Amino acid sequence: MIVAVLLFQFSCNDGPKHPDVSNIAIQLKSLRLDQDLAAIDTNNVAAGLQQLQTKYPDFLNFYLDTLMGFGINGHYDSSERGIKLGLQPFLAHKDIRGLFDTVQQHFPDTKSIDEALTDGFRYMKHYYPSFTAPEVIYLITGLNQWSVFTVDSSILGVGLDMYLGPQYPFYSAVQIPDYVIGHCKPEYIPVNAFQAIYRNRHPFEMEERTLLDMMIQRGKEQYFLTKVLPETADTLRFGYSKKQLDWCEKNEAEVYNFFITKNLLYDTHLQQVARYITEGPTSTGMPPESPGNIGTWLGYRIVKAYMEQHPDMKMETLFGQESAQAILQESKYKPK
């Protein structure tokens with residue numbers, strides 16, 4: 001299964017206190033496929049791929065064919081159509097060479113990212129003793145918006161070209177919305193990584209589900225993030241500015257009342273309600289000061305209240321509770 005997240009500000013984190021995991025050993029293996037691809041001799045791509053197959057035996061074909069669509073299919077021969085007409089021109093293109101160089105300038109190493117991911121993996125190991133940290137592979141996809149994704153549970157892919165900062169001029173050129181560009185920062189990599197890990201462990205089909213179902217599912221995800229990234233700011237977890245988060249907290253009752261009076265909580269029309277649990281510049285029907293994805297924020301508030309009513313409940317029990325209605329009722333949620 002492939003799970004992707006297609007894209008520290010100041011704020012207090014309102015999650016629970018976290019355990020000491022400093023003694024939990026994590027052996028993180030991370031590789032720089034972006035650098036290895038950039039180093040290939042474009043006049044002898046097939047030989048370069050043969051060498052990379054040894055280094056990336058479980059990932060190279062996935063990257064070349066599933067992710068990038070070159071259609072090489074493991075045929076590392078200079079006469080292969082996917083190499084001649086696909087990968088070779090890609091690697092030789094001046095814009096791609098410029099992208100490789102820009103990524104290298106922004107990420108000469110990935111030490112700080114590796115450290116942040118390792119900390120999160122320690123918490124994962126604390127809560128899930130059988131957890132094994134995935135191999136982390138850094139790469140580029142040519143601004144195709146593959147930010148962070150999992151391949152099953154063994155590989156975590158990180159598209160470094162999607163974290164070059166909001167000032168990177170070519171995000172707008174490939175029509176990435178401004179509200180997404182604002183999240184193209186390295187600080188978002190750990191959040192996006194553990195979102196992808198959560199969604200791989202707890203897949204969720206939105207078709208024929210109510211908005212409340214979706215809100216609670218996203219709320220569970222946010223609760224998970226407070227556990228494995230306990231020192232991460234709420235602004236970063238939700239992708240909000242401090243001003244937007246303040247607006248949510250000051251208008252919590254009005255937000256909840258909006259969903260009640262508009263009869264949205266039990267609406268199953270996906271196009272109508274999915275916009276409240278996905279990124280956007282603002283929330284439809286609400287004041288322009290409201291952030292997008294506000295249903296996720298409200299879902300987290302409900303899940304947090306539910307867990308306060310069940311302080312001894314383990315995360316897996318929470319995640320296994322399929323009834324969003326039961327969570328809402330048992331949470332005794334009362335918006336401020």
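The legends below describe close-up views of a predicted model.

**View 1. Ser-290 and its surroundings.**
Ser-290 lies in the loop that runs between α14 (270-273) and α15 (294-309). The residue is buried, its relative accessible area being 0%. From its side chain, Ser-290 reaches the backbone oxygen of Pro-287 at 2.7 Å. When neighbours within four places in sequence are left aside, the residues in contact with Ser-290 are Trp-247, Pro-281, Thr-282 and Ser-283.

**View 2. The salt bridge between Glu-135 and Lys-29.**
The structure holds 11 salt bridges, and one of them is formed by Glu-135 with Lys-29. The closest N and O atoms of this pair are 3.1 Å apart. Distant parts of the chain are linked here, the two residues being 106 residues apart. Glu-135 belongs to strand β3 (residues 135-139), while Lys-29 sits in the loop between β1 (2-5) and β2 (30-32). Lys-29 has a relative accessible area of 45% and is therefore partly exposed, as that class lies between the 20% and 50% limits.

**View 3. The salt bridge between Arg-209 and Asp-213.**
Arg-209 pairs with Asp-213 in a salt bridge whose closest N and O atoms are 3.5 Å apart. Arg-209 is partly exposed, with a relative accessible area of 27%. Asp-213 counts as buried because its relative accessibility is 17%, and buried means under 20%.

**View 4. The salt bridge between Glu-252 and Arg-301.**
Glu-252 and Arg-301 form a salt bridge, with 3.2 Å between the closest N and O atoms. The pair links distant parts of the chain: Glu-252 is in helix α13 (residues 252-261) and Arg-301 is in helix α15, 49 residues apart. Glu-252 is buried, at a relative accessible area of 2%. Arg-301 also counts as buried, at 15% relative accessibility.

**View 5. Helix α6 and the elements it packs against.**
Helix α6 covers residues 111-127, which makes 17 residues. From first C-alpha to last, the helix reaches 25 Å, close to the 24 Å expected at 1.5 Å a residue. The buried residues of α6 are Ile-113, Asp-114, Leu-117, Thr-118, Gly-120, Phe-121, Tyr-123 and Met-124. These buried residues pack against the strands β2, β3 and β5 (155-159), and against the helices α9 (188-201) and α10 (211-228).

How values were computed: Residues are numbered from 1 along each chain as its sequence is written. This is a predicted model: local features need pLDDT of at least 70, side-chain atom pairs count only at pLDDT 80 or more; totals for chains, interfaces and linings use all residues. Side-chain values use heavy atoms; hydrogens and water are left out. Helices (H or I, at least four residues) and strands (E, at least two) are DSSP runs, numbered from the N terminus. Buried means under 20% relative accessible area, exposed over 50%, partly exposed in between (1.4 Å probe, protein chains only). A polar contact is a pair of N or O atoms within 3.5 Å; within protein, one must be able to donate a hydrogen and the other to accept it, and residues adjacent in sequence count only if both atoms are side-chain atoms. Contact means heavy atoms within 4.5 Å. A salt bridge is a side-chain nitrogen of Lys or Arg within 4 Å of a carboxyl oxygen of Asp or Glu. The expected span of a helix is 1.5 Å times one less than its number of residues.
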